[in-house]
Amino acid sequence: RLACLGASFEFRAGQYVTLRRQDGLARSYSIASLPGEDVLDQHVRRIPGGKMSEWLAAGAAPGDHVELTGPAGDCFYLPGRDTQPLLLAGTGTGLAPLYGIVRDALARGHQGPVHLFHGALRPEGLYLRGELTSLAGVHSNFTYTPTVVDAGGSGGGDELATGSIDAVVLNRHPKLNGWRGFVCGDPALVRMLKKKLFLAGMALGDIHSDAFLPSVS
């Protein structure tokens, strides 16, 4: 969570920014917050040995400064087709831009159905379930589907869908003609989902994506 000092920072929900530490180390992360909020929320997966994620998790402290570059990316909601069905799918911290996009679309009065699928290997890999379930309770056109590959015996709840996220999405929505899609997360997953959404009828120009590329150092 970052507080922007000085001039206001303009962005669209779902875009990403690059954080640069004072020693020059830089990483890019998607924005989960909405324009006009006091802080920039980002979801960072802690990677063992990761130079930036370990520092953010255990070394950074309130008052530390980072430089922001951006925003960049075209994975965001544009108003104008208020009744068009929206499909959002991602795994892990790929939820970050999707969380911003969903709330932005609903705040702008999108009237068509909005379906969000968030996937993880196991239930403990899912997060913001309470917030998203509450959001679905407020907006009748919004559906949230938490998805796991292995439900195990961890008490994930009956609302969990089980299987690969692409199989769950296409089982529930096999025909996607006229829909708009947003896909975020692992690059291989993003490529696969974009292809499958296209084959299910979604126009290529209506599929927006953000692949999370791992750092090499």
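Predicted model: local features only at pLDDT ≥ 70, side-chain atom pairs only at ≥ 80, totals over all residues.
Colleague: What are the dimensions of the box that the chain fills?

Modeller: Along the principal axes, the C-alpha atoms occupy a box of roughly 50 × 45 × 30 Å.

Colleague: And the sheet of 3 strands, what is its order?

Modeller: The order is β3-β2-β5, in an open sheet with antiparallel pairing. Two strands pair if DSSP finds at least two bridges between them.

Colleague: Which strands stand at the edges?

Modeller: β3 (26-30) and β5 (67-72) do. Each has a single partner strand, so one side of each is left without a neighbour in the sheet.

Colleague: How many bridges join β2 to β5?

Modeller: Strand β2 (residues 16-20) pairs with β5 over 4 bridges, in the antiparallel sense. Y16 stands opposite A72 in β5.

Colleague: And how many join β2 and β3?

Modeller: That antiparallel pair has 5 bridges, and Y29 in β3 is the bridge partner of V17. The hairpin of β2 and β3 has 5 residues between the strands, and G24 in this hairpin takes a positive phi near 100 degrees.

Colleague: Changing topic, how much space lies in the second largest pocket?

Modeller: The second largest pocket holds about 600 Å³. A pocket is an open set of points on a 1 Å grid over the protein atoms alone where a 1.4 Å probe fits, with protein on both sides within 12 Å along at least five of seven lines. The volume is the space filled by probe spheres set on the points, which are joined across faces, edges and corners.

Colleague: Which residues are the closest to its centre?

Modeller: They are R1, L2, A3, D64 and V66, out of 22 lining residues (those with an atom within 4 Å of a point). β1 (2-3) and α1 (51-59) each supply at least two residues of this lining.

Colleague: How does the lining divide into nonpolar, polar and charged residues?

Modeller: There are 15 nonpolar, 5 polar and 2 charged residues. Here Ala, Val, Leu, Ile, Met, Phe, Trp, Tyr, Cys and Pro count as nonpolar, Asp, Glu, Lys and Arg as charged, and the others, Gly among them, as polar.

Terms used. Residues numbered from 1 in each chain as written. Heavy atoms only, no water.
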